[in-house]
There are 2 protein chains.
Amino acid sequence: MPVGTAASVKAVEQGVLEEVGAGGKGARIILANTYHLYLRPGHELVKRMGGVHRFMSWERPMLTDSGGFQVFSLSELRKVTSEGVEFRSHLDGSKHFFSPEHSIQVQIALGADIAMVFDECVETPASWERTRESMGLTHAWAWRSKDHFELHKESVPWFAALGGATQSLFGIVQGGMYVDLRKESAQRLVEMGLPGYAIGGLAVGEPREVTREMIARTLEWLPKDKPRYVMGVGYPDEIEEYAKMGVDMMDCVLPTRAGRHGLLFVREEPGGPVIRMNIKRKEYADDQRPIDETCSCMVCRRYSRAYLRHLFVAGEPLSLTLNSVHNLAFYLDTMERVRGELAVSKP
Amino acid sequence: MPVGTAASVKAVEQGVLEEVGAGGKGARIILANTYHLYLRPGHELVKRMGGVHRFMSWERPMLTDSGGFQVFSLSELRKVTSEGVEFRSHLDGSKHFFSPEHSIQVQIALGADIAMVFDECVETPASWERTRESMGLTHAWAWRSKDHFELHKESVPWFAALGGATQSLFGIVQGGMYVDLRKESAQRLVEMGLPGYAIGGLAVGEPREVTREMIARTLEWLPKDKPRYVMGVGYPDEIEEYAKMGVDMMDCVLPTRAGRHGLLFVREEPGGPVIRMNIKRKEYADDQRPIDETCSCMVCRRYSRAYLRHLFVAGEPLSLTLNSVHNLAFYLDTMERVRGELAVSKP
């Protein structure tokens, strides 16, 4: 899932997003951040505009996170109680309070297809005791999220227009880097009977082997017939690996954020190893080849490395767009290929 | 002509530029700035890449200015002699020298379809004496530009590929705000037998009636069967007015620059008065209408004022793109309508 933090996948127009990568099929689903939209333009405004789909003109599926991760990573002066989190906006320092009920209320107003329970993201590294305590809070908050969701799910902006369809509320497994806690968290969440489960709290600085281990061990406890979603990953080779381990959904800002910083993903051949190209390097100044000769995206079909380097060095806004579009195509192409390989390998 | 200063119409992808406005026909011709491309990435690099068309992947016509205006408006520590202009780069303070021969050499390396003679742009306001002296220098430089162009025009990057086609060198009428000098300048330039003529040194702070008067009086002395080009104008109602006075070509950064600052051009009805909409205004926060209900551009077909205001306020890069695309469509639609009206009114 490309990330559209503030209801825009940065520098990429929705019409392009519908066509870039995956053989021209584009992005199937995108993510928007509840924390950002709550602060600006405000969920009530988005609701008045008919929900986030209509607001940003995106008809395909969308997911909103719970705001938990952003509150813990972006905002200042957090105060966590069992009730919820008090925090200050990273935009203007104003004081806000998020509880499971608040998060769900905001997510219903936004009206994305998939909403997430409100969770606590424990600092890293954290002791077993601290992680277990935080996990307990996350489970209590998951139930409160579900209860509030069940009570209010029919107030989603497009409820009537879609003949009574509601959002799907996914749970989030926590448990830090402790296998026993991950197992306990997964089991407790599965008892809730939710339509999908995410694995949160990973890719927060731990070694990659640990991420892999936590995913592998947690997947054992999550039902195969429900979507299994690893939040906030990853590099192209990681998402391929995790998909092959059984992960159905992932989201990451990396293709667009790296693109904006001039970092492009390429392969020398389809399925070959991933190479990171820093487009500002002098060696590309005269290079008439496309970013990636195996890529069929609109950027690689039309523009040279020399031109893309020039745009980046000159600070041209088009640089943000073209780099992001190529990286999104790279990610979506990768997942399209992986889906094909998985379909072939299945009995 | 939309302006693509550094070989990019800011924030607008070339594929979009080919389709935006004028009933989907897009921009017929764009302009790039010689001064900027000379400094970065350098004209020799652009030449090695096959010229500016190939470098930026734009197959339709292009025009490069002479660099004169930018040297006089952007650079520091200028020293003007009859030989040329010594100046410091606005990028890094490095010292450079531009003469008519240099400008033409750079423009041949860039290889746009239309090149401009190197002219001095007099400060404004300027006395009759100062303006006449500057005009004399401009005429001497026009001849030197033409001589150098004739000697070297076959070294244009695409000379062989296009079967020996060369660029077209246009002259620039100066003469400040003095009708007698404008007349003298036009007559002197027409004697040079160039394939097109520009009127320069206008829209530099003088009242609009003066601009109109200078254009009207200068047009009398320029041949009707050659393109007549007013440089650096203007607001939508101005370009309509000047086109109806007989001007064939204009260029202006206004549609894209205003767009980047959140200023959008709209009309309540086709051909109606132009309204400037400041999209950041609070009143648009809840406004579900498109920017311009009479506009058929990709932005007005898909996005609301509320969404565009949100993108602008949130500093989203997509804001630059969508605002610029709408304004370009507005300008190109305006000129398409004016061409239709002129065709109908001709005998």
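**View 1. Where six residues of domain 1 of chain A meet eight residues of domain 2 of chain A**. This is a predicted model, and the contacts here count C-beta atoms within 7 Å.

View 2. The domain assignment puts domain 1 at 33-252 and domain 2 at 259-345 of chain A.

**View 3. Chain A laid on chain B.** Turn chain A by 180 degrees, shift it 0.0 Å along the axis, and it lands on chain B with an RMSD of 0.0 Å. That makes the relation one of a two-fold axis. Looking for the spot in chain A where a C-alpha comes nearest the axis? Go to A:P317, whose C-alpha is 3.8 Å from the axis.

**View 4. The contact between chain A and chain B.** Each partner puts in its share: 32 residues from chain A and 32 residues from chain B. On the chain A side, the elements giving two or more residues are α3 (43-48), α4 (52-56), α12 (298-302), α13 (305-313) and α14 (317-345). Of these, α13(A) gives the most, with five residues. By type, the chain A side that touches chain B comes out as 19 nonpolar, six polar and seven charged residues.

**View 5. One surface, used by both copies**. Of the interface residues of chain A, 100% are also interface residues in chain B, so the copies meet through the same surface.

Note on methods. Residues are numbered from 1 along each chain as its sequence is written. Chains are lettered from A and ligands numbered from 1 in the order in which they are written. This is a predicted model: local features need pLDDT of at least 70, side-chain atom pairs count only at pLDDT 80 or more; totals for chains, interfaces and linings use all residues. Domain bounds come from an automatic or database domain assignment. Two residues are in contact if their C-beta atoms, placed from the backbone, lie within 7 Å. Copies are superposed by least squares on the C-alpha atoms of residues with pLDDT of at least 70 in both. Helices (H or I, at least four residues) and strands (E, at least two) are DSSP runs, numbered from the N terminus. Ala, Val, Leu, Ile, Met, Phe, Trp, Tyr, Cys and Pro count as nonpolar, Asp, Glu, Lys and Arg as charged, and the others, Gly among them, as polar.
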